[in-house]
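Good morning, and thank you for joining this meeting. Please take a moment to look at the chain on the screen before I walk through it.

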Amino acid sequence: MIQIVCILVVVLGMTIVIPLLVNHGRSRRMKLIFWIIFCIYFAGNLYFTLLSRKSGSSQHCELQPFRVYGHLFESPTEEVTATGFAALFLQGTLPITGLILNILLYYPLGYLLPILFPKLKPKHVILIGCLSSIATEATQYLLKMGWCETDDVIHNTLGTAIGVWVWLWQSKRLNVQKSANPGKGE
């Protein structure tokens, strides 16, 4: 459960700080800050999903959707195939923790893409999240880096959708605040 708390602190921090930065306007400096945040997220996602995994360690494909729900509170059965910090971070993870981490892993993608690409429609951002998750799972399978699961794609896509929804909700609030204070933030 400590894993969830650590990731939640990062995600909530991002969700609180970014709207404050958006209030400072859409300057080049702010755009650069958002890109830096996105690159840090992307590197972290890449590290936890691929770079920390041992190639050739295991290869399993589970295509039955929602299979994890029958095993949510069982003790961890699979060995962690990660190395380094990721191995310590993921050691002893319960299935329910893994499910929550998969959702939180893609939340920043759904949250940041609409900021970086404001013309992207929400459904396109969610599609990007889904395709990114499929690409990650396929790479894990092809390089024998652990389990390739339909549930991971479903939960990653859900995380992307939640990120989009939170950003849409916040951006509407920000627009209401800007219209109430027309001189602020421009």
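Setting aside residues up to four places away in sequence, I18 touches F34, I37, Y111, L112, I115 and W167. Please keep in mind throughout that this is a predicted model.

Let me place that residue in its wider setting. The largest nonpolar core has 23 residues, and those touching the most other members are I18, F34, F38, Y111, L112, I115 and W167. Which elements give two or more residues to this core? They are α1, α2, which spans 28-51, α4 and α6. The element that gives the most is α4, with 9 residues.

I turn now to the chain as a whole. Its secondary structure comes to 6 helices and 2 strands. Along the sequence, these elements follow the pattern α-α-β-α-α-α-β-α. The chain has 186 residues, and 40% of them are buried. Among contacts with a separation of 6 or more, 79% are between residues 24 or more positions apart. The accessible surface comes to about 10700 Å², and carbon and sulfur atoms account for 69% of that area.

Y111 lies in helix α4, which covers residues 95-116. Is Y111 buried or exposed? Y111 counts as buried because its relative accessible area is 0%, and the cut-off for buried is under 20%. Not counting residues up to four places away in sequence, Y111 touches M14, T15, I18, P19, G163, V164, V166, W167 and Q170. The C-alpha atom of Y111 is separated by 8.5 Å from that of A161, a residue 50 positions away along the chain.

The side chain of Y111 also takes part in polar contacts. With the side chain of Q170, Y111 forms a polar contact of 2.3 Å. The side chain of Y111 also reaches the backbone oxygen of T15, at 3.5 Å.

That brings us to T15 itself. T15 is found in helix α1. With a relative accessible area of 10%, T15 is buried. Leaving aside neighbours within four places in sequence, T15 is in contact with Y107, Y111, V166 and Q170.

T157 is found in helix α6, which covers residues 150-180. At a relative accessible area of 16%, T157 is also buried. Where does a polar atom of the T157 side chain find a backbone oxygen? That oxygen belongs to V153, at 2.7 Å. Beyond its neighbours within four places in sequence, T157 is in contact with I126 and C130.

L8, L12, I16, V17 and L20 make a nonpolar surface patch of about 450 Å². One of these residues, L8, is found in helix α1, residues 2-22. Why does L8 count as partly exposed? The reason is its relative accessibility of 34%, since partly exposed is the range between the buried limit of 20% and the exposed limit of 50%.

Conventions:
Residues numbered from 1 in each chain as written. Predicted model: local features only at pLDDT ≥ 70, side-chain atom pairs only at ≥ 80, totals over all residues. Heavy atoms only, no water. Patch = residues over 30% accessible without salt bridge, like charges linked within 9 Å, V, L, I, M, F, W, Y side chains within 5 Å. Areas by Shrake-Rupley, 256 points an atom, 1.4 Å probe, with all protein chains shown as cover. Salt bridge = Lys/Arg side-chain N within 4 Å of Asp/Glu carboxyl O. Helix = DSSP H or I, 4+ residues; strand = E, 2+ residues; numbered from the N terminus. Buried < 20%, exposed > 50% of the residue type's maximum accessible area, 1.4 Å probe, protein only. Contact = heavy atoms within 4.5 Å. Polar contact = N/O pair within 3.5 Å; in protein donor to acceptor, adjacent residues only side chain to side chain. Core = buried A, V, L, I, M, F, W, Y, C linked by side-chain atoms within 4.5 Å.
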